[in-house]
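Hi everyone, thanks for making time this morning. Let me put the structure up on the screen, and then we can walk through it together.

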Amino acid sequence: MAKQTNGATGGHPAMDYPAHERTYANFIRGSVWGIAAIIVVLVLMAWFLL
């Protein structure tokens, strides 16, 4: 069986680990901004509709 490693210990040479990490960081950042936008919309709806 092949030896498995992760990005911290070298990983597979064909994988672009920095690109994966940037993509994941951007996904998390987008999720946080999306959740914040939803919260703002809900607060504004509560303010103007109640």
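A quick definition before we start: a residue is called buried when its relative accessible area is under 20%. Please also keep in mind that this is a predicted model. With that cut-off, 2% of the 50 residues of the protein count as buried. The accessible surface of the protein comes to about 4800 Å², and carbon and sulfur atoms hold 72% of that area.

What about secondary structure? The protein has one helix and zero strands. That helix, H1, covers residues 17-49.

Now to the records. An unreviewed UniProt entry annotates residues 14-49 as "domain: Cytochrome c oxidase subunit IV bacterial aa3 type". In our model that span is 92% helix and 0% strand, with its end C-alpha atoms 54 Å apart. UniProt, again in an unreviewed entry, also places a "transmembrane region" at residues 27-49. Here the span is 100% helix, and the end C-alpha atoms lie 32 Å apart.

Which residues make the nonpolar patch of about 1000 Å²? They are Ile38, Val40, Val41, Leu42, Leu44, Met45, Trp47, Phe48 and Leu49. Take Val40 as one of them: Val40 lies in helix H1.

Terms used:
Residues numbered from 1 in each chain as written. Predicted model: local features only at pLDDT ≥ 70, side-chain atom pairs only at ≥ 80, totals over all residues. Heavy atoms only, no water. UniProt positions renumbered as here; feature names shortened; annotations may be inferred. Helix = DSSP H or I, 4+ residues; strand = E, 2+ residues; numbered from the N terminus. Patch = residues over 30% accessible without salt bridge, like charges linked within 9 Å, V, L, I, M, F, W, Y side chains within 5 Å. Areas by Shrake-Rupley, 256 points an atom, 1.4 Å probe, with all protein chains shown as cover. Salt bridge = Lys/Arg side-chain N within 4 Å of Asp/Glu carboxyl O. Buried < 20%, exposed > 50% of the residue type's maximum accessible area, 1.4 Å probe, protein only.
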